Amino acid sequence: MNFKHLIKTTLISALLFGASAFAEIKTVRIAHYTGVLCSAPVHTAWLKGFFDEEFKKIGQKYEMVPIAEGSGSVNDLIVAGKADAGNELLATELQPIQNGLPIIFVTGVHTGCTKFYVTKQSTIKKLKDLKGRKSKIGVIGLSDSSIMTFKRKLRDLGVVADGPEADVEFVVYGASDLPLALQKGAVDIIALHDPTATTAEEEYGFRKLLDTATDPKFAVEYCCIAFVSLKLWKENPEGAAAFTRAVARGSAFINANPREAARLQLAKDIVPGSEDFNTKLLESYTHIPSRKATIRTFRTVATELQKTGVLKKKLNIEKFITSHFANFASKGIHVPDGYKYDKDTGTFTETTEEPKTLAKNIVEN
């Protein structure tokens with residue numbers, strides 16, 4: 001083929017298929033945690049083919065980028081330019097976003113998954129008992145969402161969580177070391193995320209002091225949220241929308257069929273556990289995706305973390321939300337508020353209204 005013929009062929013392709021004939025097919029890199037049950041909506045979107053369907057619709061591709069538990073975070077990959085999307089605990093992300101983490105939230109994916117334990121012999125019966133005790137709280141990191149969660153709850157109860165007069169002290173241990181630290185009395189309370197949390201509970205016989213899946217304060221809001229990089233949002237909003245729709249469908253699928261979701265994860269060897277154990281955990285969370293409920297959760301968490309001092313006092317919360325929650329309508333892209341999945345027919349229905357509640361089972365602490 002000579003040069004003139006090549007140009008002619010390319011121009012004909014452009015006329016037939018539009019300017020996209022000149023563009024390289026875009027690939028969205030989706031980070032996902034292995035060994036972590038919280039990534040179930042992303043895993044389900046992948047393994048059920050929802051990513052395949054959504055990206056095929058827009059003529060783009062995607063790539064799954066695994067993150068082994070304890071080997072790093074999706075934030076590290078975003079900053080390094082090695083991932084474009086992922087999921088994480090919402091409270092973990094707010095301070096990094098305030099400090100410049102370039103991400104934007106797209107939808108909430110589920111409630112629950114963080115638990116706080118004491119030994120059966122502990123004299124701490126309720127959270128109010130922490131007042132004046134100078135208790136040590138074992139956590140996996142000082143930026144972990146469990147600390148943000150605990151500070152919000154303690155503030156409601158009048159328990160001081162910060163400063164020289166604090167009633168509690170946060171102490172860092174590895175996730176696998178926390179149960180032993182509690183059993184040996186090195187700490188008074190430990191905070192863990194599932195499946196590690198429930199595994200430790202069953203193995204050591206710990207007593208739950210706080211469960212975000214059932215606590216009246218936290219059961220009505222998302223703990224985990226999906227997001228994309230600001231770069232993807234600005235340069236490829238269609239790709240961001242495809243990711244959002246697929247993950248929301250993954251969440252809705254789990255809500256209707258948690259056992260199938262658990263089976264898929266285990267078949268791919270993405271998480272440890274058994275089908276019955278993992279199904280029980282997935283059933284205990286609410287997987288109802290709703291962008292309206294996500295904005296409400298975002299506002300509540302950000303406002304309360306500002307009051308605890310985690311976020312800066314001068315931060316304008318409404319501008320913070322506007323800047324870090326994707327408005328697809330402003331770009332003329334259709335993304336529904338959420339989805340419902342009908343297990344019997346195997347079909348999805350788009351939802352337009354915020355669900356009345358995200359809570360499944362409320363337990364007073």
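The following legends describe close-up views of a predicted protein model.

**View 1. Confidence along the chain.** The protein chain has an average pLDDT of 91, and 93% of the residues score at least 70. Residues 1-23 form a stretch in which pLDDT stays under 50. For residues 1-23, the model has eight contacts beyond four places in sequence.

View 2. Strand β11 covers residues 338-342, and strand β12 covers residues 347-351. The two strands pair in the antiparallel sense over five bridges. Within this pairing, G338 stands opposite T351 in β12. Four residues lie between β11 and β12 in the hairpin, and G346 in the turn has a positive phi of about 70°.

**View 3. The cis peptide bond at P195.** Most peptide bonds are trans. The bond from D194 to P195, however, is cis, with omega near 5°. P195 is placed in the loop between β8 (189-193) and α8 (196-204).

**View 4. The backbone at C113.** Most residues other than glycine have a negative phi. C113 is not a glycine, yet its phi is positive, at about 90°. This residue is found in the loop between β4 (103-110) and β5 (114-118). C113 counts as buried because its relative accessibility is 0%.

**View 5. The backbone at K134.** K134 also is not a glycine and has a positive phi, here of about 60°. Its place is in the loop between β5 and β6 (135-139). With a relative accessible area of 47%, K134 is partly exposed, since this class lies between the limits of 20% and 50%.

How values were computed. Residues are numbered from 1 along each chain as its sequence is written. This is a predicted model: local features need pLDDT of at least 70, side-chain atom pairs count only at pLDDT 80 or more; totals for chains, interfaces and linings use all residues. Side-chain values use heavy atoms; hydrogens and water are left out. pLDDT is the predictor's confidence in each residue, from 0 to 100. Contact means heavy atoms within 4.5 Å. Two strands pair if DSSP finds at least two bridges between them. Buried means under 20% relative accessible area, exposed over 50%, partly exposed in between (1.4 Å probe, protein chains only).
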